[in-house]
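The following note concerns the pockets of the model shown below. Please read the points alongside the coordinates.

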Amino acid sequence: MLLLDKYVTNNVSLQSIRNIYLMSIPKKSKSYYAITKAAKDLFWKYGIKKVSVEEIVKEAGVSKMTFYRLFENKIVVAKAMLQDMLDVNVQNYYAIMEKDIPYPEKVKEMLLLKHEAATEISNEFMSDAYM
């Protein structure tokens, strides 16, 4: 018996665990999403160091005041962007685990999910993030 199976059979469902996780994710505004999407697009293309806050706000269609109301600087945006990606991947993990398919198929889908997440991050972003 898998550890997760044991956990789920002890009166705690995977859906309950997922719901607790989803409740921990704060609600975000349209401006937040516009900024993080613009930052992601620019960071992926040019890296963090070569992108300015001015370029992010222009791409996002928001003011600098809105940017600074939500984020302290572009590094905080990069962290928020990565957290959002992690949240999506955790939600996708729970969706896979809830499927009524054989465990080897779940493992295959989880490996595909990991591969997609890893290939989504650009070399430019990674080289700036780890320097």
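1. In this predicted model, the lining of the largest pocket divides into seven nonpolar, four polar and seven charged residues. Here Ala, Val, Leu, Ile, Met, Phe, Trp, Tyr, Cys and Pro are nonpolar, Asp, Glu, Lys and Arg are charged, and the others, Gly among them, are polar.

2. The lining of the largest pocket comprises 18 residues, with Lys40, Met81, Asp84, Met85 and Val88 nearest its centre. A pocket is an open set of points on a 1 Å grid over the protein atoms alone, where a 1.4 Å probe fits, with protein on both sides within 12 Å along at least five of seven lines; lining residues have an atom within 4 Å of a point.

3. The space in the largest pocket is about 310 Å³, a volume being that filled by probe spheres set on points joined across faces, edges and corners.

4. H3 (30-46), H6 (74-98) and H7 (103-120) each supply at least two lining residues to the largest pocket; H6 gives the most, with eight. Helices are DSSP runs (H or I, at least four residues), numbered from the N terminus.

5. The second largest pocket holds about 180 Å³ of space. H7 provides the largest share of its lining, five residues, and the lining includes Leu86, Tyr93, Met110 and Lys114. By class, this lining has seven nonpolar, one polar and one charged residues.

6. Residues are numbered from 1 along each chain as its sequence is written. Local features need pLDDT of at least 70 and side-chain atom pairs 80 or more, while totals for chains, interfaces and linings use all residues, and side-chain values use heavy atoms, with hydrogens and water left out.
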